[in-house]
Amino acid sequence: MEDFIIHFVDNYGYFGIFFLILIENIFPPIPSEIILGLGGFFTTTTSLKYLGVVISATLGSVVGAIILYYIGYYINNVKIRKIFRKGNKVLKIDETNLKRAKNIYLKYENISIFLCRMLPIVRSIISIPAGMFRMNPIRFIVYTALGSLIWNSIITYLGVYLGDNWKYVEVLVKEYSVIVVIVGILAIVAYFIIKRKLNKKV
């Protein structure tokens with residue numbers, strides 16, 4: 001898989017990054033950390049530019065998320081559960097992950113779309129409940145783009161910073177994910193405090 005990603009990005013540049021990240025959003029087992037880390041490293045050895053890699057990856061993230069959003073939008077809950085149950089060997093995602101994503105979305109809604117873009121596995125699946133519960137598509141795209149932009153910028157920069165050691169990005173991301181969870185919890189608490197205060201003023 002790693003060799004394929006290296007050759008694909010080397011041959012197709014920005015389009016290669018866009019396409020691989022799009023696919024990664026639909027099939028989470030494909031490691032975005034490797035794609036983005038490699039993209040960052042390639043900005044130091046090829047004609048690829050940091051901004052171009054980040055934009056390409058973000059576009060891929062948004063398009064992939066939109067596809068999953070409309071899968072959730074048009075396919076009912078029972079059929080989606082069957083797809084995850086039967087397609088687990090391909091998707092490598094079980095029904096438990098889908099339930100977890102649904103619970104997160106129902107509890108935190110808009111902010112969950114933004115924050116979950118920076119968490120492995122969940123960042124892909126969260127699009128499905130957003131579609132199932134008819135989240136405003138424009139709002140969905142905006143939150144997806146913002147969260148993805150932050151994630152892609154950080155991971156790509158790690159690839160630039162690590163240089164020849166870009167493969168260690170995956171290790172660093174595991175530590176980074178813990179930080180994101182902590183920041184996410186604080187952001188959710190702050191969101192509800194502000195929301196409550198605004199409601200009281202009204």
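Modeller: What follows goes from the overall fold to one helix, and then to the aromatic rings.
Modeller: This is a predicted model, in which local features need pLDDT of at least 70 and side-chain atom pairs count only at pLDDT 80 or more, whereas totals for chains, interfaces and linings use all residues. Residues are numbered from 1 along each chain as its sequence is written, and side-chain values use heavy atoms, with hydrogens and water left out.

Biologist: How many helices and strands are there in the protein?
Modeller: Helices (H or I, at least four residues) and strands (E, at least two) are taken as DSSP runs, numbered from the N terminus. Here the protein has 11 helices and zero strands.

Biologist: What share of the residues is buried?
Modeller: Buried means under 20% relative accessible area, exposed means over 50%, and partly exposed lies in between, with a 1.4 Å probe and protein chains only. By that rule, buried residues make up 47% of the 202 residues.

Biologist: How should I read the span of helix α1?
Modeller: The expected span of a helix is 1.5 Å times one less than its number of residues. A straight helix of 25 residues would span 36 Å, but α1 (residues 2–26) spans only 18 Å between its end C-alpha atoms.

Biologist: Where does α1 bend?
Modeller: A bend at a residue is the angle between axes fitted to the seven residues ending there and the seven starting there. In α1 the bend is about 130°, at Y12. The buried residues of this helix include F8, V9 and G13.

Biologist: Which residues form an aromatic cluster with Y12?
Modeller: In general, a pair of aromatic rings is described by the distance of the centres and the angle of the planes. Rings of Phe, Tyr and Trp (its six-membered ring) pair if their centres lie within 6.5 Å, and planes under 30 degrees apart count as stacked, over 60 as edge-to-face and the rest as tilted. Y12 forms one cluster with F4, F8, F15, F18 and F19.

Biologist: How many aromatic pairs does the whole structure hold?
Modeller: The search finds 13 aromatic pairs. In the pair of Y69 and Y70, the ring centres are 4.9 Å apart and the planes stand at 80°, so the pair is edge-to-face. Y69 counts as buried at 2% relative accessibility, while Y70, at 35%, is partly exposed.
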